[in-house]
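Subject: Structure handover

Hello,

Please find the structure below.

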Amino acid sequence: MGNDRTPYLFGRRGFLTGMGAALLSTAVSAQAFSPFDSKERLGGYPFTMGIASGEPCSDGFVLWTRLAPKPFEPGGGMPDRPVLVRWQVALDERMRKVIRRGAALALPQLAHSVHVELEHLPPGRWYWYQFEVGGEVSPVGRVRTAPVLGPPQRELTFAFASCQNWVNGFFPAYRRMAEEDLDFVVHLGDYIYEGPGGAGVRSHLPAAEIMSIDDYRIRHALYKSDSALQSVHAKFPWIVTWDDHELENNYAGFIPQDEVDTPIFADRRARAYQAYYEHMPLRRFSFPRGPNLQLYRRLSFGSLLQVHVLDTRQYRSAGAPEGCTVAERVDGYCPSALDASRSITGQKQRDWLIDGLNRSRAQWNVLANQVPFAPTDGNANPAIKSYGGEKWDGYPFDRAAILDFIAAQKLYNTVVITGDVHQSYVRNVPPDYINLDAEPVATEFVGTSISSGGDRALTTTYGGDVNNPHQLFHNNNHGYVRCEISREQWKTDFRVVPSVVVEDAPISTLASFVVEHGKAGAQKV
């Protein structure tokens, strides 16, 4: 693409614009761009990061790839011009029964990534897909459309995961996940880690903390180079959301972890958000506009399941103030933390979530969420409560608004799935943070990390304590969580590996819990 066209895709400060999103939706048959012909070779195998699919709906999905013969170099070893990428979708794994084919532009301004949105396909069935460019073909991927709203359909099975620090270990859990029979995968954040990492099982590229757009692209490429991760992306459609490490540890909105001027951090946020979009199977709906990217959204799986994907980083206030004495605390909180204007979701997203729960006609509602949702009293003294931090405990007004609505509407089939803390928990969600032993109004399953934290002494406990009677289970193995859903019950299996130092470590089910239809709270199987 000539430089004369670049301003229409990027604004004065180099951020992607609304015009850029419009350009991506333009038919590639327009020849104004003189794209690199797909039959001309690119100087190396272009599909080094594999392929992926995502955002399954009842009539379509998104297909993704990024061209990069040299993925760990700025520019990925690609020419500085658009490249035409051909794709096709078939009804069989051998790609003989092709039902759709087309082409898409891979733009250098988007790191030669490709996002193909398919629609008007029959619901509730598997499809296979493949890309081709320069005489090279990608692996064959598999993707499923969601069931259509209507009469009760078959069961759904999905897995969720989070926190995959490259330096801390390999990804054997993904190797085992690829062997599962799943309808889709949910990733709850910390897909990459932005820090240098230091000594570990593997080394980060670049070696320093990432800052530039090239740094973020190379770090994403490094993670995408993992064969186990690639296999799960190719096997199932993904639903993704971020937490903090896709940009910077513990940031809140435009507030960084370490003090820096807001415009400087906003620029970094724009670079990180753009790189995230470039490397995920997201729709144009989520196309980044400067330092903003629309990530909270809903996906429906017929009358059985509705997934409300949350973004608890982009709009949050600073963490809850904790600098007060025990005597000054009110029900475990420093008074300033109870300011109703403080939010983890932002008012618009909170209203969107409550409205979506109100309108949902699905048997089960899921909050795909980054950080622990249920209240957790962190004080060992049973006579003194202590809440705060960057989890939902630090934002009690938002949580109370959501739980009050769930309780009032008796939406007891609400399940929260959570990542972030590198450990597994089961918590029955009480109606407030005062009476933790009250009848639950929802259920929370917290999943451990894929590798973050590395190998450690393993512990498993059942039941809570005098401070947290609503906690049923805790474990610190690595792994993922598998959920099997029917109209009558929700079953959760905690799938764990013994080590992340062993690439091909085995998997086992450590514990299983069920939630019965119409009754909040989990029971051990």
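Cys 324 and Cys 334 form a disulfide, with their sulfur atoms 2.0 Å apart; the cut-off for a disulfide is two cysteine sulfur atoms within 2.5 Å. First, the ground rules. This is a predicted model, so local features need pLDDT of at least 70 and side-chain atom pairs count only at pLDDT 80 or more, while totals for chains, interfaces and linings use all residues. Residues are numbered from 1 along each chain as its sequence is written, and side-chain values use heavy atoms, with hydrogens and water left out.

Cysteines

A search of the whole structure finds one disulfide. The torsion about the S-S bond of Cys 324 and Cys 334 is about -90°, so the disulfide is left-handed. Both cysteines sit in the loop between β13 and α7, ten residues apart. (Helices, H or I of at least four residues, and strands, E of at least two, are DSSP runs numbered from the N terminus.) Cys 334 counts as buried because its relative accessibility is 3%. Buried means under 20% relative accessible area, exposed over 50%, and partly exposed in between, with a 1.4 Å probe and protein chains only.

What about Cys 483? Its sulfur is 16 Å from the closest cysteine sulfur, in Cys 163, which is too far for a bond. Cys 483 is buried at 0% relative accessibility. Cys 163 is buried too, at 1%.

Cores

The largest nonpolar core has 48 residues. A nonpolar core here is a set of buried Ala, Val, Leu, Ile, Met, Phe, Trp, Tyr and Cys residues joined through side-chain atoms within 4.5 Å. Phe 171, Tyr 174, Met 177, Val 232 and Trp 238 touch the most other members. Elements that each supply at least two residues include β6 (126-133), α3 (172-177), α5 (227-235) and α6 (262-278). The largest share, six residues, comes from α6.

A second, separate core has 31 residues, among them Ala 146, Ile 239, Trp 364 and Ala 368.

Helix α7

Aromatic rings

The whole structure has 27 aromatic pairs. Rings of Phe, Tyr and Trp (its six-membered ring) pair if their centres lie within 6.5 Å; planes under 30 degrees apart count as stacked, over 60 as edge-to-face and the rest as tilted.

- Phe 171 and Tyr 174 are edge-to-face, with centres 5.9 Å apart and planes at 85°. Phe 171 is buried at 2% relative accessibility.
- Phe 494 and Phe 513 are edge-to-face, with centres 6.3 Å apart and planes at 90°. Phe 494 lies in β21 and Phe 513 in β22, so the pair ties together parts 19 residues apart in sequence.
- Ring pairs link Trp 166, Phe 171, Tyr 174, Tyr 191, Tyr 223 and Trp 238 into a cluster.

Two charges sit over rings. Arg 142 lies over the face of Trp 126, 3.7 Å from the ring centre. The charged end of Lys 224 sits over the ring of Trp 64, 5.0 Å from its centre. The cut-offs are NZ of Lys or CZ of Arg within 6 Å of the ring centre and within 35 degrees of the ring normal.

Best regards
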